[in-house]
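Colleague: I'm new to this one, and I'd like to learn how to read it. Could you walk me through a few features?

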Amino acid sequence: MSSAPNPVVSDIADEPPPLWRRFALAFALFLLTGTFGFLQPFVSLYMQSAGLNKTQFGAVIALGTATVMLFQPLLGRLSDYLPSRRPVMFLAAICAGCAYSAYRYADGFWGFLALTALGVNGFQYLNAASGALVGQIARSSGGGAAYVGYRVWGSVGYIVVAVGAGLLVHQVLPKDPVVPRAILDPLFVYGPLVFFALAGVVLLAPEGRRSLPPIVSAPLNVDDEPLQEDADHAARQRIFNHFLIALGLYQFSLYGASAYLPYYMRQLGASPLMITGMFAAGVLCEVLVMRQVGRWTDKFGRRPALAASLILMPIRLLLYIPATGPLWVLCVQMLHGINFGIVGTIAVVVVNDLARDHERGAAQARLAVVGGLCSAVGPFVCGYLSDHLGISPMFALMSLVGMVSVFYFLKNVRESNPSAIPPHGILRYLA
């Protein structure tokens, strides 16, 4: 593996923030994505150990995550009007840390639902606000490299926390796929401490100046015809709306299905360390992809990279089906590097491309709402399908939804980077 990425980016608008503040932002993303390293592999198994079945788990995630539709737009607009986003980020981190710490005391569906709603809203706002912070300090022409230069540290944090979480609960388990709750309790003692550390670090992160009047950007080309300047904003909004629909279908299928990978791994006999290793392997590949994709999309455009990632996702879901053991799933999961390594980062960059400076917080909140809605409905639907049809048929059906996302994206979503040049080779046909 190559050396760790440098979070200090050179493509900064006006005067770059002090070096220590840029490192604070990189460390904040390290901690923020690191929290997912203990949540993603173990939340479903923890609720199962507390007596919830797959359908109930899906309902908790669905209803809890659906609350982002109510709160994230309000938080996004609030942070656009406040002098700084950092105090709201501080409170969001404290809220999420307290919610996941209280998981150990939850008893039944309603307790987990209330705590999940608090935790998810805290995480989603932090994710959206961190993207807006990078967007404020980076020029749009280099926004891909700028965001990735910081965000890649989040993937490093995920690997560190995921492996640590696996080691924390690694012990000989009974053959029953349901892991005893007492074994998983330490995860919700030590894991939420990452949120509390994040609360302090976000107060040190840089925040660029925000201009209130609209900024007129170079017009986008749609169907190879330059738009008039007065229609530029409307054209960007159309691209933004189409992009959110395609991304929503993608997230519905991928994250709905992925929520049940820990169940699937336990059915195949995996230990907790093997489960976290599976997720960490995908994120390790994600780091390698991220290090290249930011600058590549700054030069050749966001659309070809996103299209390639969307096309791969349905294939990935189908490859889970014939798994003969945990190692098979781990190998397929490495394709996550191409999926999230591109979509998970470049989606934020596309929003920063299309949003005007004074609207960036609200735009990132819209992205969070779509992600939250689809990540809510997806696990609920997939839980029902898994309980009634089985996990393998569920993967196949979600692959079909992923294919719909591909066709919608290719038909409706145009390039958001006005300075992009067409790439060479097969990706030229996706531009």
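Colleague: Is E359 buried, exposed or partly exposed?

Modeller: Buried means under 20% relative accessible area, exposed over 50% and partly exposed in between, using a 1.4 Å probe and protein chains only. E359 has 21% relative accessibility, so it counts as partly exposed. Residues are numbered from 1 along each chain as its sequence is written, and this is a predicted model in which local features need pLDDT of at least 70, side-chain atom pairs count only at pLDDT 80 or more, and totals for chains, interfaces and linings use all residues. Side-chain values use heavy atoms, leaving out hydrogens and water.

Colleague: Where does E359 lie, and what is it in contact with, beyond four places in sequence?

Modeller: Helices are DSSP runs of H or I, at least four residues, numbered from the N terminus. E359 is in the loop between α15 (336-354) and α16 (360-388). Contact means heavy atoms within 4.5 Å; setting aside neighbours within four places in sequence, E359 is in contact with D80 and H233. The C-alpha atoms of E359 and Y81 are 9.7 Å apart, although 278 residues separate them along the chain.

Colleague: Is H336 buried or exposed?

Modeller: H336, found in helix α15, is buried, because its relative accessible area is 9%. Not counting residues up to four places away in sequence, H336 touches Y255, G282, E286, R316 and G341.

Colleague: How many residues has the largest nonpolar core?

Modeller: Such a core is a set of buried Ala, Val, Leu, Ile, Met, Phe, Trp, Tyr and Cys residues joined through side-chain atoms within 4.5 Å. The largest has 128 residues, and M394 is among those with the most contacts inside it. Helix α1 (residues 19-49) gives this core its largest share, 14 residues.

Technical notes: Helices (H or I, at least four residues) and strands (E, at least two) are DSSP runs, numbered from the N terminus.
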